[in-house]
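Please read it alongside the coordinates.

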Amino acid sequence: MEQNMGVLMSSKRVLACSSAENAQDLAPAQKRLRKDADPVKPAATVIGTKRPALAATRAPLSRPLRAAGAATVAAAPSRGVIKQSVASAAAKGGNMKQPVASTGTKTGGTQKRNPWDLKGKVSDMEDKVRNYQMKVKTLNQENEVLQDSVSQSQRKMVQVEKELQIQRSQIGEYERKLQVLAGVQDELEKVLSDKNFIQKELTNLEGKYKVMETLRDSQETELQTLKMKLSVQESTLARVQANLRDSEEEVRSLKETVAQQKDEIYAGEMERRRLHNTIQELKGNIRVFCRVRPLVGGGLPKHIQLATSDNKAITLAKTEESHTGKTADTQKNYNFSFDRVFGPRTSQQEVFEEISLLVQSALDGYNVCCFAYGQTGSGKTYTMEGDEFDETRGVIPRAVQQIFKAAGKLGEQGWEFTFTASFVEIYNETLRDLLYTGKSSKRPEHEIRKTASNEVTITNLTYERVTNEDQVLGLIALANQNRSTAQTAQNDRSSRSHSVFQLDIEGVNAGRDVKCKSTLCLVDLAGSERMVKSQSQGDRFKEMTAINGSLSNLGIVIAALANKESYVPYRNSKLTYLLQGCLGGNSKTLMFVNIAPEPDSFGETLNSLRFASKVNDCVIGTATANKK
């Protein structure tokens with residue numbers, strides 16, 4: 001490629017130099033030709049890649065003389081033709097001869113004709129024309145030669161351009177290869193650095209190998225020692241394997257014993273449940289406990305008498321004045337007997353111990369209901385809920401604690417339990433969800449419905465799945481915040497509604513293919529009160545009327561059950577309709593009757609004890625476990 005470029009540049013320099021030299025030689029001749037050719041009219045001549053036509057190159061030798069006597073000369077080539085011809089001759093390196101003037105009168109070496117010798121002038125002009133025509137012919141030939149040379153140069157230039165293109169592509173290829181080689185060089189340097197690093201590592205490994213050889217020798221020595229020990233251990237292993245087989249036989253027999261004992265434990269658990277619930281049935285389906293609230297200043301009032309030797313009896317003593325004034329004052333006693341009577345000094349733990357066995361029945365598949373009844377300020381809420389401290393916790397938190405502990409122990413025997421909690425209150429004969437956390441304006445309405453299996457449910461009620469005691473206690477705290485309370489003359493914070501806490505229990509023993517389902521229902525009833533003592537007005541009077549009405553309906557239902565009437569009016573109030581399953585259905589029921597110790601509450605206390613006696617006399621049938 002570089003050689004071809006050099007040849008092309010050399011040829012261009014030669015052509016340029018030849019053109020310059022010929023142009024210098026032809027310059028005087030062109031001036032003379034222009035001077036001589038002025039009187040002659042030029043003929044059109046085309047010079048190009050084609051040869052000029054014959055008519056254009058050859059002109060007639062003479063023309064007829066004009067009337068003025070002027071001579072007619074042959075046509076000569078134009079200036080452009082002369083210049084191109086001269087340039088073509090210069091390209092070939094030929095030298096043009098100067099035209100020779102015709103004979104005549106000589107001036108300065110040239111003969112000049114006389115003015116009257118027109119014929120001689122015409123003859124001279126004809127000679128000049130012939131000379132010009134010969135020159136034109138010669139120049140045309142030279143032009144053709146130059147055109148051939150130009151075409152050859154063009155062909156060479158095309159070939160040179162093709163070779164140049166090839167050389168450029170080769171140069172691009174070489175540049176790409178050079179880039180590849182540059183990358184190879186970088187990789188080579190990296191390989192060299194890796195080689196140096198590997199050589200260092202190899203040197204280190206060789207040193208380590210020598211150390212390992214030394215260790216190998218020592219290990220081989222130890223191996224020989226271990227082989228000797230192994231032979232001893234193999235004999236020991238044979239003895240151990242024999243002992244192991246004996247142990248496996250013993251374990252197998254123990255597993256059979258354990259399986260048999262599990263069956264016996266399960267049978268014992270079933271027998272315990274049966275005996276436990278038989279005892280509860282013998283105690284009565286509806287059990288009644290009486291609890292006396294202590295006085296603010298401590299001690300026991302005179303009108304309430306508790307026998308020290310009998311924890312089931314309570315007596316109300318009332319002194320009546322003589323109407324005539326002649327006889328002394330008389331004392332009238334009202335004696336009552338319940339399943340258990342708790343004095344004012346009884347702790348919360350002692351109260352719960354009496355009902356703990358009843359709570360245990362809930363895990364055995366029995367429905368259990370516990371509710372507190374009494375006048376306002378008699379300690380119902382304290383009995384059922386208590387305070388935050390462990391010693392003063394009430395029945396509801398202690399029952400929940402016992403349920404989860406007992407469920408954990410039964411889990412070791414293959415039982416799995418799920419618990420669902422709900423909390424509802426009955427306020428002015430209207431159901432309210434105490435676990436509702438939405439806007440009060442969007443609170444849904446609730447209705448009591450019965451399912452196909454004759455179970456009582458509440459529509460749109462919140463049911464929370466719980467797994468531990470703390471979750472249940474959190475729900476109880478939320479319910480206490482939402483519960484309706486108000487101040488009355490008898491209590492600074494009186495409950496103005498009935499609250500019902502339900503814990504639905506479902507148990508499954510997959511190994512025994514046994515299922516059980518039950519409900520633990522704990523109820524805190526609103527306090528019964530009289531208008532004269534509570535001094536209720538406005539909303540408080542409306543609340544008192546609704547509370548007394550629902551409690552009266554509860555008394556009517558209890559009386560109907562005690563008299564074994566065919567129709568029991570459960571639907572007369574929301575309270576009795578909701579507790580229908582606990583009062584007259586398949587449930588074990590416990591009632592707390594709470595009484596106030598103040599003397600001015602004697603009338604209310606007497607009414608509460610009379611109501612509790614009616615409940616204690618009710619027989620609602622034997623409860624059965626919900627098992628499959």
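The model is predicted: local features need pLDDT of at least 70, side-chain atom pairs count only at pLDDT 80 or more, and totals for chains, interfaces and linings use all residues. Residues are numbered from 1 along each chain as its sequence is written, and side-chain values use heavy atoms, with hydrogens and water left out.

**Salt bridges**

- The structure holds 12 salt bridges, a salt bridge being a side-chain nitrogen of Lys or Arg within 4 Å of a carboxyl oxygen of Asp or Glu.
- Arginine 176 forms one of them with glutamate 173, at 2.5 Å from N to O.
- Both residues belong to helix 4 (residues 118-283) and sit 3 residues apart, about one turn of the helix; helices (H or I, at least four residues) and strands (E, at least two) are DSSP runs, numbered from the N terminus.
- Glutamate 173 is partly exposed, at a relative accessible area of 33%.
- Arginine 449 and glutamate 447 meet in a salt bridge at 2.6 Å, N to O; arginine 449 is partly exposed at 44% relative accessibility, and glutamate 447 is partly exposed at 40%.
- In the salt bridge of lysine 517 with glutamate 455, the closest N and O atoms are 4.0 Å apart.
- Lysine 517 is in strand 17 and glutamate 455 is in the loop between strand 11 (448-450) and strand 12 (456-458), so this pair ties together parts 62 residues apart in sequence.
- Arg216, Asp217 and Glu220 are linked in a network of salt bridges.

**Strand 16 and its partners**

- Of the 12 residues of strand 16 (residues 498-509), 9 are buried, so the strand is largely enclosed by the rest of the structure.
- Strand 9 (residues 415-427) pairs with strand 16 in the antiparallel sense over 12 bridges; two strands pair if DSSP finds at least two bridges between them.
- Within strand 16, glutamine 502 stands opposite serine 422.
- Strand 17 (residues 514-524) also pairs with strand 16 in the antiparallel sense, over 11 bridges, and valine 523 of strand 17 stands opposite valine 500.
- Strands 16 and 17 form a hairpin with 4 residues between them, and aspartate 513 in the turn has a positive phi of about 55°.

**Cysteines**

- The disulfide count is 0, where a disulfide is a pair of cysteine sulfur atoms within 2.5 Å.
- For cysteine 521, the nearest cysteine sulfur is that of cysteine 369, 4.2 Å away.
- Cysteine 521 is buried at 2% relative accessibility, and cysteine 516 is buried at 6%.

**Sheet 4-5-6**

- An open sheet is formed by 3 strands in the order 4-5-6, with antiparallel pairing.
- Strand 4 (304-306) and strand 6 (330-337) stand at the edges with a single partner strand each, so one side of each is left without a neighbour in the sheet.
- Strand 5 (residues 313-320) pairs with strand 6 over 8 bridges; threonine 315 has asparagine 335 in strand 6 as its bridge partner.

**Helix 10**

- The 24 residues of helix 10 (residues 539-562) should span 34 Å at 1.5 Å a residue, and the end C-alpha atoms are 35 Å apart, which agrees; the expected span is 1.5 Å times one less than the number of residues.

Definitions and conventions
Buried < 20%, exposed > 50% of the residue type's maximum accessible area, 1.4 Å probe, protein only.
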